[in-house]
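Reader: I have a structure to look at and some questions about where its open space lies. Could we go through it step by step?

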Amino acid sequence: MTETTWLWAGAVGMLAGSVLLFAAGGRRTQDEEGHTLVHGFVPLFAAISYFAMAVHQGEMTLPSGRVFLYARYLDWSVTTPLLLLGLTMTALHGARRRVGLVAGLIASDVVMIVTGLFFGASEAPFNKWVWYAASCVAFLAVLWVLFVPLREEALGRDQVRRDVYSRNVTILTVLWLFYPVLVLLGPDGLGMWPAALATPAIAILDLVAKVAYGIIAMFGSRQVTTADLIRDEVSSVEIATHAIPSGALRPAYRK
Ligand code: RET
């Protein structure tokens, strides 16, 4: 398969994944609806980026002659915050939304991707490695939030939330750790791997990190929601409006 064929495969796979996640995702509560929207939109953004790259729009030729696929970084700048938002929706529940913590997590993640974009676009070694190092520091900040304050929040909740958070955060971290390595080996980094090898590797990783992880997260959200509803812990305001007969929610809102 040529590089372009892989990009087409990425576009089609992402679009199919998005349709699947939107169709199969639950909508019983606000949290469950949130997970469905997050995990449905993630592959949709990726499909846009893969299509742009497949038709040679999401790329630029740098002065050295290297073709830089910047659309990848645009995709990641939107999809990685959404994936993190999904994790925060599992860990933070009810009154404990910790908006500041979520904002800090997403800001660190955007720093990671924006500095990564400049790393990919650099040709002079000094800039390139400063950007790479900055991106890695931001990545460490993201991991710190996931494994320290957010994990503590998740552990303070019910058993189902704890288990689902631990499972998701572990899978997400393992998958995300491959990115700085593959990008480093590929044409944007040391150039040890040609595009013919790096493009399929990143496409497969992207499909796993977005669609396969999305399916796992969706099942997790289903378990959490069912447990919430059984415990009757979800107030009527937290139940998605269309999930219950119209009118039933009015009094709670009017209060
Ligand atoms: C870059 C640049 C070099 C340093 C680091 C990086 C990290 C990238 C990551 C990307 C994750 C992307 C995902 C996409 C789709 O779902 C930008 C390669 C640390 C962690 C999960």
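**Pocket and ligand**

Author: This is a predicted model. In it, helix 1 (3-24), helix 7 and helix 8 each give at least two residues to the lining of the largest pocket.

Reader: Which helix supplies the largest share of the lining of the largest pocket?

Author: The lining of this pocket consists of 18 residues, with Glu-3, Leu-69, Arg-72, Ala-195 and Thr-199 nearest the centre. By class, the lining has 10 nonpolar, 4 polar and 4 charged residues. The largest share is 4 residues, and the helix that supplies them is helix 8.

Reader: How much space lies in the largest pocket?

Author: Rolling a probe the size of a water molecule over the atoms shows where empty space is left. For the largest pocket, that space is about 190 Å³.

Reader: How many residues of the shell around the ligand are charged?

Author: The ligand is surrounded by 16 residues, and the closest include Leu-83, Tyr-132 and Trp-176. Helix 3 (71-91), helix 4 (99-121), helix 5 (125-147), helix 7 (159-185) and helix 8 (195-231) each supply at least two residues of this shell. Its classes are 10 nonpolar, 4 polar and, for charged residues, 2.

Reader: Which residue has a side-chain N or O atom 3.2 Å from an oxygen atom of the ligand?

Author: A polar contact needs a pair of N or O atoms within 3.5 Å. An oxygen atom of the ligand lies 3.2 Å from such an atom in the side chain of Lys-210.

How values were computed:
Residues numbered from 1 in each chain as written. Predicted model: local features only at pLDDT ≥ 70, side-chain atom pairs only at ≥ 80, totals over all residues. Heavy atoms only, no water. Near = heavy atom within 4 Å. Polar contact = N/O pair within 3.5 Å; in protein donor to acceptor, adjacent residues only side chain to side chain. Nonpolar A, V, L, I, M, F, W, Y, C, P; charged D, E, K, R; others polar. 1 Å grid on protein atoms, 1.4 Å probe; cavity = no way out; pocket = protein on both sides within 12 Å on 5 of 7 lines; lining within 4 Å. Points joined across faces, edges and corners; volume = space filled by probe spheres on them.
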